[in-house]
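Thank you all for coming. Before I say anything, please take a moment to look over the sequence and the structure on the screen.

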Amino acid sequence: MTTATTITMSTIMTLLDDFLIRAALAGIGLTLATGPLGAFVVWRRMAYFGDATAHAAILGVALSFGFGLSVYIGTLAVALGMALTVASLSGRGHAMDTVLGVLAHSALAFGLVAASFFSGLRVDLSAWLFGDILAVSRADLAIVWGGALAVLGLMLWRWQGLLTATLNEELAQASGLNPRRERLALTLALALTVAVSIKIVGALLIAALLIIPAATARQLARTPEAMAMGAVGCGAASVMAGLLASMQFDTPAGPSIVAAAACLFVLSLGVRRRA
Amino acid sequence: MTPLIAARGLSIRHGETTVLAHVDFTIHPGEIVTVVGPNGSGKSTLIRALIGLEPAAEGRVDRASGLRIGYVPQKLHIDASLPMTVRRFLSLPKRVSDRAARAALARTGVEGLEMRQLARLSGGQFQRVLLARALLAEPQILILDEPTQGLDQPATAAFYHLIEEVRAQTDCAVLLVSHDLHVVMSASDRVICLNGHVCCEGTPKVVSAAPEYRALFGHGTGGAFALYRHEHDHDHEAGACAHDHGDHDHHEHHHDPA
């Protein structure tokens, strides 16, 4: 290894010692997944679906502590279970608004009740509800990037099919695609995203990170791809702005990021009016 | 000749409700078949089943292997949250070259719309863009589910004229669901009247010979009701028309498919 590379490597390692750098990297990594996925959540009107899945993650956290599992595994399992339940119900013509409302809030309630059985968790519960991005470790960082890249890869791989099925299921089917499989891909992506983002923004605000940057990007985009990439950009900008604000004003980081995203959204409304 | 799509004894249920009962249907290469029927008669369900979106409760649907379907839906709601230019839409699900896209739009008479947002098109433009996209797949069969809903009379006539033109050029089969039978009738090889089951089926000439058809199709909408009440002056498939012609209240008009 040359001296230059050694220096670069060690510089990076030193940088990763800084909790703020780790937080920024984790947040930006996450937006690689939430950008395109969030666009689909908006297009398919799955906002409540996202909520239900994210809220179920709290139950996953509680169960992970109960059974001594990794939080990521427990969260992923429960989020996936919830997402699959909701997806299968939605295919059967239930009144989805009500069903999702019931599921989302009962999952949260049961999660909080289950969490109360574990005394250590009770103290720390707000970290899971609102995220604790400043406490992200190097291992967390690897998991977040790994998960986000997996979601991004899945979406890029299925992009044309996902988009066609989102536009119209009959159209997709007639073209030889399977809309159910595309829906399953999104469900899987959502569960994975929830699992890796719970530590960063917390169960209550995951859906916000999916929806708000995508809604912001919508104001300026003319194609689906532009909107998805714009959502990544808006998400990353929100992470940076939120973290800076959090340092400056000593506010909680997760909510600050979402607040920054909301401010960007309001700004985008003004830009669109002039455009 | 092997049919492109064949349904045999097809029944579809939505929960407890039987939407389609014992439907036999075939369409061969190059054929033009029109399906008519009142609202709620299962026309769209039949189309969805033929495409493969509705699981059969009984019977089966066979499609020729590798069948290329060009589908023009009844309506395509573009959610306001989804930005989509005409050009991008033409590349779904398979990407096409700019040249192919331009040619397809020219063929359906809407050249130069590439950069327009889909949601901003007029009804007539929109249907033509849908048709352009369907044609890009070089379909063996074009399936159109009430493609002129919401278009005025001249636009409807122009659209059907375009379909006949396309059909003459490509020789693809056409399966059309329509209320506008009087416009497309002359070009159809067969007309199928649906009301939960196949009420009757025949050449347009036979169907149009029915006095009720003439009476009702002269008055625009609601005409589809006429067909399943027409005089039985032609032969039916076995058990095809088992309904009670003395019953004049259509909403009470009950068909027992069994």
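What is the mean pLDDT of chain B, and what percentage of its residues reach 70 or more? This is a predicted model, and in it the mean pLDDT of chain B is 79, with 78% of its residues at 70 or more. Within chain B the confidence is highest in helix 2, residues 86-90, at a mean of 96, and lowest in helix 9, residues 224-227, where the mean is 35. Over residues 218-258 of chain B the pLDDT is below 50, although this stretch does have 61 contacts in the model beyond near neighbours in sequence. Where pLDDT is low, the predicted coordinates should not be read in detail. For the model as a whole, the scores are ipTM 0.84 and pTM 0.83.

Let me turn to chain B as a whole. Chain B has nine helices and nine strands, and of its 258 residues, 43% are buried. If we take the contacts in chain B with a separation of 6 or more, 69% of them are between residues 24 or more positions apart.

Next, please find helix 3 of chain B, which covers residues 98-107 and has Ala101(B), Ala104(B) and Leu105(B) as its buried residues. Seen down the axis of helix 3 of chain B, these buried residues fall within an arc of 95 degrees, and so they line one face of the helix. Arg99(B) and Ala106(B), on the other side of helix 3 of chain B, are exposed. Which helices are included in what covers the buried residues of helix 3 of chain B? Among the covering elements are helix 2 and helix 4 of chain B, the latter being residues 123-136. After helix 3 of chain B comes Gly109(B), with a positive phi near 75 degrees.

Helix 5 of chain B, residues 153-170, can be read in a similar way. This helix has 18 residues and reaches 26 Å from its first C-alpha to its last, close to the 26 Å expected at 1.5 Å a residue. Its buried residues include Thr156(B), Phe159(B), Tyr160(B), Ile163(B) and Val166(B), and because they cover an arc of only 115 degrees around the axis, they lie on the same side of helix 5 of chain B. The face turned away from that buried side carries Gln153(B), Pro154(B), Ala168(B) and Gln169(B), which are exposed. Helix 5 of chain B is followed by Asp171(B), whose phi is also positive, near 65 degrees.

Now to chain A, and to its helix 2, residues 19-43. The 25 residues of this helix should span 36 Å at 1.5 Å a residue, and its end C-alpha atoms are 35 Å apart, which agrees. Buried or exposed: which describes 19 of the 25 residues of helix 2 of chain A? They are buried, so the helix is largely enclosed by the rest of the structure. Arg45(A), which follows helix 2 of chain A, has a positive phi near 55 degrees.

Finally, let us see where the two chains meet. Here 19 residues of chain B are in contact with 22 residues of chain A. On the side of chain B that touches chain A, the elements giving two or more residues are helix 1 (43-51) and strand 5 (69-72) of chain B. By class, that side of chain B has 13 nonpolar, three polar and three charged residues.

How values were computed. Residues numbered from 1 in each chain as written. Chains lettered and ligands numbered in written order. Predicted model: local features only at pLDDT ≥ 70, side-chain atom pairs only at ≥ 80, totals over all residues. pLDDT = per-residue confidence, 0-100. Helix = DSSP H or I, 4+ residues; strand = E, 2+ residues; numbered from the N terminus. Contact = placed C-beta atoms within 7 Å. Expected span 1.5 Å × (residues − 1). Buried ≥ 20, exposed ≤ 12 C-beta atoms within 10 Å, placed from the backbone. Nonpolar A, V, L, I, M, F, W, Y, C, P; charged D, E, K, R; others polar. Arc of directions from axis to C-beta.
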